Amino acid sequence: MYEYNYISSKQYDNRLFGNVDKVALGLYIAIVLLGLLFITSASYDPNAESFFSLSHNYMKQAMWLGVSGVVATIVLLLDRRLFHMFATPAYIVGIGLLVAALLFGREVNGAKAWFEFGGFRVQPVEFAKIATALMMARVMSDYSFNINRPIDLIKIGAVIMLPFSIIVLQNDTGSGLVLAAFLFVFIREGLSKYIYFPIIFTIVLFITSLIFTPLTIFTALLVLFTLYSLLRHGSLAGHVQFLCMVLLGALLLSLLTSLDGYVALMIVMSVAVIILLYFVFKTHTLSLLWPIVMFVYAMIFVPASDFLFSKLEPHQQNRIHTFVGVVDDPQNLGYNVRQSEIAIGSGGIFGKGFLEGTQNRYNFVPEKHTDFIFSVVGEEWGFMGAMTVIVLYIALILRLMRMGERIKEPFGRVYCYSVAAMLLLHVCVNIGMTIGVMPVMGIPLPLMSYGGSSLLAFTILIMIAIRLDASTSDNDGLSL
Amino acid sequence: MGNSAKLRYNVLRIVVIGVGVVLLGRLLWMQFNAEEYREMARGNSIKEIVEYPMRGEILDRNGEYIVKSRVCYDVMVVYNELPDEGFDTTRLISILDISREKLDRELRKASDNRSAQTLIVGYLTQDNKLRLDEQNIPGIYTRFRTAREYPRKVGGNLLGYVSEVKEEDIKADSYYTAGDYKGSNGLESAYEELLRGKKGVSYYITNSHHANLGAYNNGNNDIPPQRGLTLTSTIDIRLQEFAEDLMEGKVGSIVAIEPATGEILAMVSSPSYNPDLLVGRQRGNNYMEMFHDQRQPLFNRSAKAKYPPGSTFKLVQGLIALEEGVLSPSTKYPCHEGYRYGGRTMKCHAHSSPLDLRDAVAHSCNAYFCYVFKDMITNSKYGSVKEGVRVWNDYVYSFGFGRQLGTDLYGEGEGYVPTPEFYDSRYNGRWNWGTVLSCSIGQGEMGCTPLQMANLAAIIANRGYYYTPHLIKAIEGRDSIDRRFYERHYTMVDSVNFVPIVEGMWRSVNVSGTSRGAYLEGWDVCGKTGTAQSSSKTPDHSTFLSFAPKNNPKIAISVYVEYGGFGSTIAVPIASLIEEMYLTDTITRPHLIERVKNFKPNYGYYDRKQRNYDAKRNKQ
């Protein structure tokens with residue numbers, strides 16, 4: 001079964017710490033220490049009697065950091081084969097913990113996703129991420145695995161959907177959507193563009209159709225489509241002509257018949273599509289067929305999703321609107337984002353100085369030590385600090401991808417990519433949220449936000465990647 | 001790694017870097033607007049409190065307080081910030097001294113606009129404010145105010161009151177914001193800009209729970225409030241109190257002026273009211289009660305009422321005729337209880353006949369001044385009666401009648417002087433000297449404010465000029481008051497022509513005449529009574545115009561008592577007592593005070609009006 005197990009483990013265990021990727025480890029330590037620094041700023045209380053009291057959030061976080069250090073060392077000392085061996089049991093335990101939380105857990109902020117042990121709260125979803133990543137690596141590294149084969153697609157779909165549906169039942173959809181990051185892994189593993197492109201396209205259409213009017217969406221699509229065709233076939237004049245004809249035709253039709261602009265555009269585009277299809281088959285320019293199909297799909301999908309959306313109950317509509325950030329929700333997340341933007345914007349290039357942020361010190365940004373920790377960075381260290389943090393994350397993600405590439409066996413590669421993808425999604429959504437370009441989904445900034453579960457889970461995630469990489473790097477001729 | 005794998009790796013790397021670039025781009029864009037965000041961050045964490053100044057106080061001419069300011073507080077609530085778990089309302093209503101119903105009502109009102117400060121109750125004393133602070137209820141705030149206090153409790157209409165600004169006030173003057181207070185009526189309004197002082201502002205640091213975390217920048221940016229200026233009034237508050245007391249139960253007005261300066265010594269509009277009634281929590285009720293009173297205690301008669309001047313106006317007629325040369329002091333006219341013209345008679349009372357100008361003034365002969373006025377306006381040098389009236393108009397205006405005098409009082413009335421145009425339109429152009437003859441004795445269409453009449457007394461005392469009457473003589477920190485109060489206004493009559501008129505007024509008091517009751521040993525009082533007809537059904541108005549002493553006059557006074565009867569009946573003793581009080585500081589005739597106080601004019605007119613008004617109100 002372990003066909004790639006041709007290297008004596010002994011050889012590696014002896015030189016273990018010599019083989020760990022020092023760049024990844026360094027980036028990890030830098031981010032974690034920066035996180036502790038800003039949690040300190042966010043929860044610093046000048047009136048507190050003792051700076052080192054364990055009642056302070058930063059002291060709790062420092063303690064978790066210690067725990068993480070110990071766990072990291074243990075992970076690095078483990079035999080890499082254990083991860084392969086225990087992928088399936090870990091997944092089963094992970095799912096079990098999620099179900100247990102759903103049944104016996106504690107409800108926090110409306111999500112029944114927590115366990116409580118004497119003052120400490122643990123969120124099993126964080127560990128489910130590790131389990132799912134290991135399981136995914138396990139499934140996808142199977143000898144007979146072919147990502148574009150339906151049975152295998154169903155397998156990996158099931159690996160994701162099982163934890164996802166439990167997390168949704170816990171009313172913690174935001175955390176569950178993190179599992180969408182695996183799409184990134186699938187693309188690396190060669191998922192056909194005929195599968196992933198429609199998925200991405202559908203997601204984008206769905207979100208944009210809630211934010212923009214159909215007229216805007218179709219005008220944009222039309223321009224993008226023409227641009228694509230122009231890039232493939234040249235002939236600037238012809239494409240401009242086509243675009244102008246469709247748009248002017250729609251305008252004219254709308255003016256003459258006093259039809260809605262959107263309906264007029266749909267009619268004119270339908271005619272244009274028929275003409276185009278005729279052209280495609282006559283001249284055998286089949287490369288255009290694929291975009292035309294996507295376009296027709298959009299023409300059906302957007303009105304259909306609009307129609308379906310209008311059939312939903314108002315509170316459901318509201319929940320979806322809130323989710324994509326169109327309206328403020330009852331928890332007033334819009335206020336949080338506004339205050340966070342003010343904090344970061346007012347930080348300027350160099351920031352207001354450590355512990356000097358007024359938005360931070362006077363508690364204007366809610367959840368500033370957890371989900372909105374980035375606002376403290378932006379306010380107190382300005383653009384320079386924010387840029388440093390973003391660059392550190394991007395570097396760590398790129399490093400993980402590179403480690404994945406240089407691990408020859410697919411288990412390690414899939415695993416490293418999974419970690420990189422989850423980090424990317426967290427960073428993108430969390431930082432995007434604090435600067436107002438992403439909806440509020442309630443997911444933390446990995447390694448920086450206050451919270452033991454998240455810190456420990458991401459530490460384990462990354463350490464396993466480093467461990468897997470260390471096992472193979474020595475005799476891996478591949479250099480990237 | 002195969003080619004396609006390498007391609008995918010590179011594309012995904014670009015995606016990762018792209019995410020970083022998008023985030024950094026957005027951060028940079030926010031950077032371009034850093035100033036805007038900083039402004040918002042400051043707005044979040046630095047709050048300003050308006051610091052209200054003490055309102056300026058007013059002293060009388062002898063340095064006694066007329067109007068004082070005392071510290072009090074408005075109690076405000078922000079509904080949103082009230083503790084969710086509730087608070088001790090029993091204690092609160094005991095501190096605020098309000099009923100539970102009132103508190104519930106105000107809290108309900110506050111819940112309409114949950115995040116705004118809403119007034120619960122005003123006029124919290126300083127002690128109770130400290131007790132309230134001890135309770136430390138979140139969402140309950142106090143706002144510094146000053147409330148007015150009136151040691152002598154007199155001068156309601158004269159002083160005006162302080163009330164909350166209306167929307168139009170805020171629009172007209174950006175100094176005000178909703179909930180501010182401003183002077184209404186009287187001196188409070190006329191000197192509002194000096195009395196109100198200047199609001200200050202202080203900045204403090206706050207957190208998301210609106211808690212005050214101490215001064216911003218150690219208070220260096222704060223602007224302290226500037227208290228309002230202290231004004232010194234021309235009023236002699238003891239005289240004012242005495243005069244108001246004499247007018248108790250009567251409707252009418254008293255104005256006393258120092259002729260040499262135009263300073264108003266006392267200004268009574270009766271019925272008056274205790275200005276304290278318009279301060280405090282009962283203010284609204286008290287105001288409405290006075291508002292519905294048909295004797296109109298809120299109406300400042302002394303500056304606004306339009307009364308027929310009656311016989312006191314004969315003085316003006318005599319002066320004009322002398323100046324125009326149609327009369328000489330020695331001219332005598334007969335009077336047999338009236339003046340007959342065109343089948344009509346202008347009645348007069350019994351006195352010796354014929355009389356010269358002095359005695360005509362002293363005895364207030366109606367017939368004499370009918371001759372005088374007819375001779376004046378029908379004089380051939382004017383060409384027509386119309387032109388004669390026009391010349392007469394100009395003279396009358398020069399005495400300050402028919403127009404505002406330009407005092408520093410809010411809402412001064414103009415009175416009325418009939419013009420040829422007025423008669424033309426009323427009589428379709430068909431009128432002659434006989435039509436307007438009633439003007440000769442200050443009846444008919446003539447209307448004067450008591451202030452204008454007192455000013456006439458001052459003009460005669462000065463023998464031909466006046467200073468614009470005013471109520472404020474000094475402003476804290478300023479060398480002078482408005483320059484218009486230092487200007488002499490000459491009438492069109494030469495001072496020489498005042499001599500026989502003054503002589504007649506002196507004789508009226510000191511030798512024989514209608515004003516004998518105003519005699520004061522050693523003070524050479526001069527006076528002229530008036531008995532103004534109001535209508536055939538009601539008693540006449542009693543009026544008296546006087547100054548003393550004859551040379552270097554110190555006080556000029558006009559007393560007007562509505563429906564008081566003959567001038568000598570009530571106006572003369574009131575004026576005389578006030579003159580005595582002012583000149584000698586003592587009262588030698590306490591029986592006269594008794595008489596004045598016991599005198600009750602017949603106010604059937606007002607009583608009927610009140611009954612009708614109440615009946616109408618009750619119906620509605």
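A cavity here is a set of points, on a 1 Å grid over the protein atoms alone, where a 1.4 Å probe fits but cannot get out, and lining residues have an atom within 4 Å of a point. Volume is the space filled by probe spheres set on the points, with grid points joined across faces, edges and corners. Select Tyr123(B), Thr146(B), Ala147(B), Val162(B) and Tyr181(B): of the 13 lining residues, these are the closest to the centre. Now color strand 3 (65–78), strand 5 and strand 6 (161–164) of chain B, the elements that each give two or more residues to this lining. Strand 5 gives the most, with four residues. Helices (H or I, at least four residues) and strands (E, at least two) are DSSP runs, numbered from the N terminus. By class, the lining has nine nonpolar, one polar and three charged residues.

A housekeeping note before you click on: residues are numbered from 1 along each chain as its sequence is written, and chains are lettered from A and ligands numbered from 1 in the order in which they are written. The model being predicted, local features need pLDDT of at least 70 and side-chain atom pairs count only at pLDDT 80 or more, while totals for chains, interfaces and linings use all residues; side-chain values use heavy atoms, with hydrogens and water left out.

Next, the largest cavity, with about 220 Å³ of space. Select Tyr52(B), Pro53(B), Arg145(B), Thr146(B) and Tyr181(B), the closest to its centre among 15 lining residues. Which element gives the largest share of this lining? It is strand 5 (residues 140–149) of chain B, with five residues. The lining divides into eight nonpolar, one polar and six charged residues. Counting cavities of 30 Å³ or more gives eight.

Glu188(B) sits in helix 8 (residues 186–190) of chain B, and the two partners are 40 residues apart. A salt bridge here is a side-chain nitrogen of Lys or Arg within 4 Å of a carboxyl oxygen of Asp or Glu. The whole structure has 47 of them over all chains.

Now for an open space: the second largest pocket, about 1,100 Å³ in volume. A pocket is an open set of points with protein on both sides within 12 Å along at least five of seven lines. Among its 31 lining residues, pick Ile49(B), Gln117(B), Tyr141(B), Thr142(B) and Tyr204(B), which lie nearest its centre. Strand 1 (46–51), strand 3, helix 5 (126–135), strand 5 and strand 8 (200–206) of chain B each supply at least two lining residues.

The buried area is about 3,200 Å², of which carbon and sulfur atoms give 76%; that is the accessible area (1.4 Å probe) lost when two parts are put together, summed over both. Select Tyr362(A), Phe364(A) and Phe383(A), which lose the most area on the chain A side, together 18% of what that side buries. The rule finds one salt bridge across this interface: zoom in on Glu341(A) and Arg26(B), whose closest N and O atoms are 2.7 Å apart.

Most residues other than glycine have a negative phi, and most peptide bonds are trans. Ser353(B) and Pro354(B) are joined by a cis bond, with omega about -5°, and Pro354(B) lies in the loop between strand 14 (344–347) and helix 14 (357–363) of chain B. The bond from Ala548(B) to Pro549(B) is cis too, with omega near -15°. Finish at Asn171(A), where phi is positive, near 70°, in the loop between helix 8 (150–169) and helix 9 (173–176) of chain A.

Terms used. Ala, Val, Leu, Ile, Met, Phe, Trp, Tyr, Cys and Pro count as nonpolar, Asp, Glu, Lys and Arg as charged, and the others, Gly among them, as polar.
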